[in-house]
Amino acid sequence: MHRRFRAFAALALLASGASAQVDPKNPSCPLQPNWGEVREMQFRADTRGGKKVLLAEGAIDEALLPRLQAALTRNQPIDEIWFRSPGGNAKVGNEAGLLIRKTGIPTRIPAGWACFSACNFMFMGGVGRIVEPGGLFIVHMFTHTGDRALIREEVKKGEQSTVSLIGEVEQESAMLASEDNDFLIRMGVSRKLLTEVMYRQKAVEEQGEDRSTRRCLTQDELYKYNVANLR
C-alpha cells in the first residue's frame, strides 16, 4: 500500500507540474508549444503507422513553395502531410495550402506537435484534416504593426507621415483579411473561425488583465469550425 501511495503521489506531482506549464499570457496554450525549429521549413519522407508521410517542420519562408513542390514530386505517392511549425510568411502559407489542396493529400497535426499562424493555412489545405488529441492548432490575430521602431520613426516625421503609415496598415490588413476569408471558403472551413476566434485575439500584447495574443483550439472547436474533419 505504501508503494502504491508513493506512486500515486508521484503521478499527482507530475500532473501539477504539467498544469503549471500553462502560458500565463495565453492560458489556452502551453508555455512552450512544440512547433519545432525556427529555421526554414524542411520536408522529409518517413513511414509512420504503415503510412508514407511527409514531415513538414520549420518556419514558412518566402522560398518555401519550390521546396514543397519538389518534395511532393520526389516522394509521391504520399499518404499524409504532418505539420510542426511556428508559422512565418502568411501569403506563402495560403499559397502552400492551395498547392496541397490540389494534391488531395490529407494533413495531420500529431499529438505533441504544434502548428501556429501561417502553418494553419498550410494544414487547412488538406482535403482530410486530422488534429490528434494533444496536437495543437494555434491561431492569432495577424498584425502589420509589430515593427515598433518603424512606427516611432514615422510618428517623429509628423502627422502626414503617420497618417500615411496608418493608411498602408489598413489597406494591407483589409487585403489579408479578404484573402483569409476567401481561403477558408475554398477549404470548407467555417468563416466563423475568423470572426469568433482569430480576430478576437489581441494583435499585440497590451497592458491589462487580458494580454492573450494566441489561442489553442479545443478538440470541440476544431470540429465545430470544420478545421478538422476526420478522426
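Predicted model: local features only at pLDDT ≥ 70, side-chain atom pairs only at ≥ 80, totals over all residues.
**Entry 1. Disulfides**

I looked up the cysteine pairs and found that the structure holds two disulfides. When the bonded cysteines are numbered in sequence order, their pairing reads 1-4, 2-3.

I took the link between Cys29 and Cys216 to begin with, where the S to S distance is 2.2 Å. This pair connects distant parts of the chain, 187 residues apart: Cys29 lies in the loop between helix H1 (2–19) and strand E1 (42–48), and Cys216 lies in strand E8. The link is right-handed, with 120° about the S-S bond. I then checked accessibility. Cys29 counts as buried because its relative accessibility is 3%, and Cys216 is likewise buried at 3%.

I turned next to Cys115 and Cys119, whose sulfur atoms are 2.0 Å apart in a disulfide. The torsion about this S-S bond is about -115°, and the disulfide is therefore left-handed. Cys115 has a relative accessibility of 0% and so counts as buried; Cys119 is also buried, with a relative accessible area of 0%.

**Entry 2. The sheet E5-E7-E8**

I traced an open sheet of three strands in the order E5-E7-E8 and noted that its pairing is mixed. E5 and strand E8 (214–216) are the edge strands; each has a single partner strand, so one side of each has no neighbour in the sheet. On average, neighbouring strands here are turned by 25° against each other, direction ignored.

I examined the contact between E7 (residues 136–140) and E8, and recorded three bridges between these antiparallel strands. Val139 has Arg215 of E8 as its bridge partner.

**Entry 3. Backbone exceptions**

I kept in mind that most residues other than glycine have a negative phi, and that most peptide bonds are trans.

Which residues does a cis peptide bond join? I found this bond between Gln76 and Pro77, with omega about 0°. Pro77 sits in the loop between helix H2 (64–74) and strand E3 (80–84).

I recorded a positive phi of about 60° at Ser117, which is not a glycine. Ser117 is placed in the loop between strand E5 (114–116) and helix H4 (118–123). Is Ser117 buried or exposed? Its relative accessibility is 14%, which is under the 20% cut-off, so Ser117 counts as buried.

Asn226, also not a glycine, has a positive phi of about 60°. I located Asn226 in the segment after helix H8 (219–224). Asn226 counts as partly exposed because its relative accessibility is 30%.

Terms used. Residues numbered from 1 in each chain as written. Heavy atoms only, no water. Helix = DSSP H or I, 4+ residues; strand = E, 2+ residues; numbered from the N terminus. Buried < 20%, exposed > 50% of the residue type's maximum accessible area, 1.4 Å probe, protein only. Pairing = 2+ DSSP bridges. Axes fitted to C-alpha atoms, helices over the stretch in contact; angles between N-to-C directions. Disulfide = S-S within 2.5 Å.
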